[in-house]
Amino acid sequence: MGGHKHSHGHGHGHDHDHGIDVRTTPLRALVTALTITGVIFFAELIGGLVSGSLALLADAMHMLSDATGLIIAVIAVIVGKKAATVTATYGYRGVEALAAAVNALTVAGVSVWIVVEAILRLNSDETVKTHVMGIVAVVGLVANAVSAWVLSSQRKSSLNVEGAFLHVLTDMLGSVAVIIAAVVIHFTGFRAADTIASLLIAALVIPRAVQLLRSSLGVLLHQVPEGYDVVEIERSLQGIEEVDAVHDLHVWSTNGTEALATCHLVVEHRDCTAPVLDAAQARLREYGIDHSTIQIEHPGHQSHEHYC
């Protein structure tokens, strides 16, 4: 009874297409954010070079990493919509997690660069043109706010969109730090404020990059998604009438947002397999697992199989 699908006619009505749906990973939102991010990157890069602001250049490099991540995310969406094949039976949903991991590593690398440059500049007396620095930072703040608004409604439906929203949010905070630094330098002449602002940007970015990397690696390693308790799920399945044992239970995700499960249920009576299967799938749906593959077997069969 292995390999059972939900399309067995019991009215579950679940769509188990393993491709990425544009409704869960909105391409338009990502492209809009990418366009805005690209424009602001060039504005901050030119503004940083003209003004001499390390904080503005640091924020520009962060915007570049965001643009790179968004490009990867867009490619992931396009590739991820490819249908499942005989060689890729789950489709290409894992591309999202891979893109998120690359994005996180890129941001972490840029953050290290920011810290190194900030330390090297601690004893520098380089002049900073605060009016250019402040104007560009304000433009960046407004643009990032627009990007955040575009992505916010879809952020929980995709690891890529969540990652993009996360970076736009830290960009907003970075822009605020640059604006404050420009004001401080302009009115007090305290040039170290620029360096401090760049270090604050790095401090905002690194923890979020690490968290995104952990989440994406968890998907790539087929770990149990956050919020799912395998012991509790197994106990629930074990409590189904006629189920004598549960083994080989696996819970994982291919895209970071939807959980899948497989398991073997030991049932003694051969005439109750269909009701047990329905009950098991109902229990799994209570935990938010809509796609499951359940093998019904009888006592004694377990000794003839290999499982992990």
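These are my notebook entries on what I looked up in this structure.

**Entry 1: the overall layout**

First thing to jot down: I'm working with a predicted model. I counted up the secondary structure and got eight helices and three strands. Reading from the N terminus, I wrote the order as α-α-α-α-α-α-α-β-β-α-β. The protein has 308 residues, and 46% of them are buried. I also looked at contacts with a separation of 6 or more, and 74% of those join residues 24 or more positions apart.

**Entry 2: the UniProt record**

Next I checked the record. The unreviewed UniProt entry lists "transmembrane region" for residues 33-58, 70-92, 98-120, 132-152 and 164-185. I picked two of these spans to look up in the model. Residues 98-120 are 100% helix and 0% strand, with the end C-alpha atoms 34 Å apart. Residues 132-152 also come out as 100% helix and 0% strand. For that span, the end C-alpha atoms are 30 Å apart.

**Entry 3: the nonpolar cores**

Which residues have the most contacts inside the largest nonpolar core? I found Ile114, Met133, Val178 and Ile201, in a core of 22 residues. Then I asked which helices supply at least two residues each. My list is α2 (54-80), α3 (94-120), α4 (130-152), α5 (159-188) and α6 (192-220). The largest share comes from α6, with six residues.

I zoomed in on Ile201. Ignoring neighbours within four places in sequence, I noted that Ile201 is in contact with Ala55, Asp59, His62, Ile114, Gly174, Ala177 and Val178. Two of those names, Ile114 and Val178, were already on my list of residues with the most contacts inside the core.

**Entry 4: the cavity**

How many cavities of 30 Å³ or more does the structure hold? I got one. The volume of the largest cavity is about 30 Å³.

Which residues line it? I wrote down Asp66, Gly69, Leu70, Asn103, Ala164, His167 and Val168. Sorted by class, the lining has three nonpolar, three polar and one charged residues. As for helices, α2 and α5 each supply at least two residues of the lining.

Terms used. Residues are numbered from 1 along each chain as its sequence is written. This is a predicted model: local features need pLDDT of at least 70, side-chain atom pairs count only at pLDDT 80 or more; totals for chains, interfaces and linings use all residues. Side-chain values use heavy atoms; hydrogens and water are left out. A nonpolar core is a set of buried Ala, Val, Leu, Ile, Met, Phe, Trp, Tyr and Cys residues joined through side-chain atoms within 4.5 Å. Buried means under 20% relative accessible area, exposed over 50%, partly exposed in between (1.4 Å probe, protein chains only). Helices (H or I, at least four residues) and strands (E, at least two) are DSSP runs, numbered from the N terminus. Contact means heavy atoms within 4.5 Å. On a 1 Å grid over the protein atoms alone, a cavity is a set of points where a 1.4 Å probe fits but cannot get out, and a pocket is an open set with protein on both sides within 12 Å along at least five of seven lines; lining residues have an atom within 4 Å of a point. Grid points are joined across faces, edges and corners, and a volume is the space filled by probe spheres set on the points. Ala, Val, Leu, Ile, Met, Phe, Trp, Tyr, Cys and Pro count as nonpolar, Asp, Glu, Lys and Arg as charged, and the others, Gly among them, as polar. UniProt positions are given in the numbering used here, feature names are shortened, and annotations may be inferred rather than shown by experiment.
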